[in-house]
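Open the model in your viewer and keep the sequence panel beside it. Each stop below tells you what to select and what you will find there.

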Amino acid sequence: MISVEKALQTILAGCRPLGLEKVDILEAAGRVIGEDVYALRNIPSAANSAMDGYAVWSGDTKRAHALRPVELKVIETIAAGGLPCKTVKKGQAARIMTGAVIPKGADAVVRREDTDEKGKTVLIKIAAPVGLNIRFPGEDVQQGECVIPSASVLRPGHIGMLAALGKAFVSVYQKPRVAILSTGDELVDIEIDPPPGKVVNSNTYALAAQVLACGGIPILLGIGRDKKEALVEKFQVARRADVILSSGGVSVGDYDFVKEVMGDIGNAMHFWQVAMRPGKPLAFGSIDGVPLFGLPGNPVSVMVSFEQFVRPYLLKMQGHTRIFRQTLTATSAQEIKKSPGVKNFIRAVVQKEKNRYSARMTGEQGSGILKSMVDANAFMVLHEDVSWVKKGEEVVVQLLEEIPSGTDVPRFD
């Protein structure tokens, strides 16, 4: 049995990013870009107005005031997308819309709210300094600038910038195809009302949701029965994927054949059993170079093990550099006892109260209590040497989602 840290180190040591693929920018959101993106032109390409108003020569407005406005002749109207036809001269102005190109002779734009229209003239009520309300060429992006460096995670702002640069397709790291196999004669499909002694195969769907949440493509292989021949057949199909996840069959029961089958078909086994709870029976190896995670069978153990080991692996495969969940310190809302020697991941609800975080267990912590994951937004991480946590004592929490504050969540009072 090895520590969580040693297991994670072993798992990630052999992980390499997948290759690149070119996709439409709408398909690239949330993914890691594999190329530097340079601007081929200035943005904006020409000086344009930031406001609806009047393009003027600033010198005409030096003495303008609300009580003593300056009257200028309006020579034309410039719509957004259109081009000016005339040059603004002394004593003149051009009506201009937001985004329209600044006409020659003008060096400022007075917004419409600071003017009064008077037939074919306009009254300017403020002194307009040079450059007022003008967007200059290259103000946003300059030609030749590296706008999006390789390895960036593409957020909506990046997608908008790619569109502005006229880049409809971009190279991103591929999504890993993840084969998911749940083993056990006790399992029935989701549509079946389970008879006595049987349970619905929830692990496949929980794992598939976790794979989707971190950008992978789940491939559902269904249920593998507790017979060597059936498992060998399933694993032969699974090795066409980039990663294989199996749940169940890795403990020490009479019908736990997964480890044995893994060995029979040429698996390189790196370790089995991790000093953690839940999730102790966990095997990691490979089949024909395809990494294989033999996860436990209990539903909570499966999900916790995925969070600690599979999620960072899949993120690294996709080029991510931030592959671990955020951690912070919170105060325990209750007393907690645990056995020393193993790291515990306690399902918890964490909330922010004023300037601190508090954490409370979601209830019963058995590895079969799936509701403990439903209610959890974090894990309390209790290290191997800890056997008792007092109420009010600080603990490390690993966040599963953004933590709300104030009245956004129920209080525990």
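**Stop 1: Gln273**

Select Gln273. In this predicted model, is Gln273 buried or exposed? Its relative accessibility is 18%. The cut-off for buried is under 20%, so Gln273 counts as buried. Now look at where Gln273 sits: in the loop between β18 (267-272) and β19 (276-277). Show its contacts next. Leaving out residues up to four places away in sequence, Gln273 touches Met1, Ile2, Lys280, Pro281 and Leu282.

**Stop 2: Pro278**

The peptide bond from Arg277 to Pro278 is cis. Its omega is near -5 degrees. Pro278 belongs to the loop between β19 and β20 (283-287).

**Stop 3: Asp288**

Select Asp288, in the loop between β20 and β21 (290-295). Check its backbone angles. Phi of Asp288 is positive, at about 50 degrees, although Asp288 is not a glycine. Is Asp288 buried or exposed? Asp288 has a relative accessible area of 54%. Exposed means over 50%, so Asp288 is exposed.

**Stop 4**

**Stop 5: Pro44**

Select Ile43 and Pro44. Here is another cis peptide bond, from Ile43 to Pro44. Omega is near -5 degrees. Pro44 is in the loop between β2 (37-38) and β3 (48-49).

**Stop 6: Ile102**

Select Ile102. You will find Ile102 in the loop between β6 (92-96) and β7 (108-111). Its relative accessible area is 12%, so Ile102 is buried. Ile102 and Ala47 are 55 residues apart in sequence. In space, C-alpha to C-alpha, the two are 5.8 Å apart. Which other residues does Ile102 contact, beyond its neighbours within four places in sequence? Along with Ala47, they are Asn48, Ser49, Pro84, Ile96, Val109 and Ile134.

**Stop 7: Asn133**

Select Asn133. Asn133 lies in the loop between β9 (121-124) and β10 (134-135). Phi of Asn133 is near 60 degrees. That is a positive value in a residue other than glycine.

**Stop 8: helix α5**

Select helix α5, residues 228-238. Which residues of α5 are buried? Colour Leu231, Phe235 and Ala238. Seen down the axis of α5, these buried residues fall within an arc of 55 degrees, so they line one face of the helix. Now colour Glu229 and Glu233. Both are exposed, on the face of α5 turned away from its buried side.

**Stop 9: Glu307**

Select Glu307, in helix α7 (residues 299-317). Is Glu307 buried or exposed? At 11% relative accessibility, Glu307 counts as buried. Show what surrounds it. Setting aside neighbours within four places in sequence, Glu307 is in contact with Gln210, Pro312, Arg325, Phe379 and Leu400.

**Last stop: the whole chain**

Clear the selection and zoom out. Switch to a cartoon view. The secondary structure of the chain comes to eight helices and 28 strands. Now turn the model about its principal axes. Along them, the C-alpha atoms fill a box of roughly 95 × 50 × 40 Å. The chain has a radius of gyration of 31 Å. A compact globule of 413 residues would be near 22 Å.

Next, show the contacts. Take those between residues at least 6 apart in sequence: 70% of them join residues at least 24 apart.

The accessible surface of the chain comes to about 20600 Å². Carbon and sulfur atoms account for 52% of that surface. Buried residues make up 47% of the 413 residues.

Finish with the charges. The chain has 50 positive and 45 negative charges. Their mean positions are 8 Å apart.

Notes:
Residues are numbered from 1 along each chain as its sequence is written. This is a predicted model: local features need pLDDT of at least 70, side-chain atom pairs count only at pLDDT 80 or more; totals for chains, interfaces and linings use all residues. Side-chain values use heavy atoms; hydrogens and water are left out. Helices (H or I, at least four residues) and strands (E, at least two) are DSSP runs, numbered from the N terminus. The radius of gyration is taken over C-alpha atoms; the globule rule is 2.2 Å times the number of residues to the power 0.38. Buried means under 20% relative accessible area, exposed over 50%, partly exposed in between (1.4 Å probe, protein chains only). Contact means heavy atoms within 4.5 Å. Accessible areas come from the Shrake-Rupley method with a 1.4 Å probe; for residues, only the protein chains shown count as cover. Lys and Arg count as positive and Asp and Glu as negative; His and the chain ends are not counted. The place of a charge is taken as NZ of Lys, CZ of Arg, CG of Asp or CD of Glu. The arc is that of the directions from the helix axis to the C-beta atoms.
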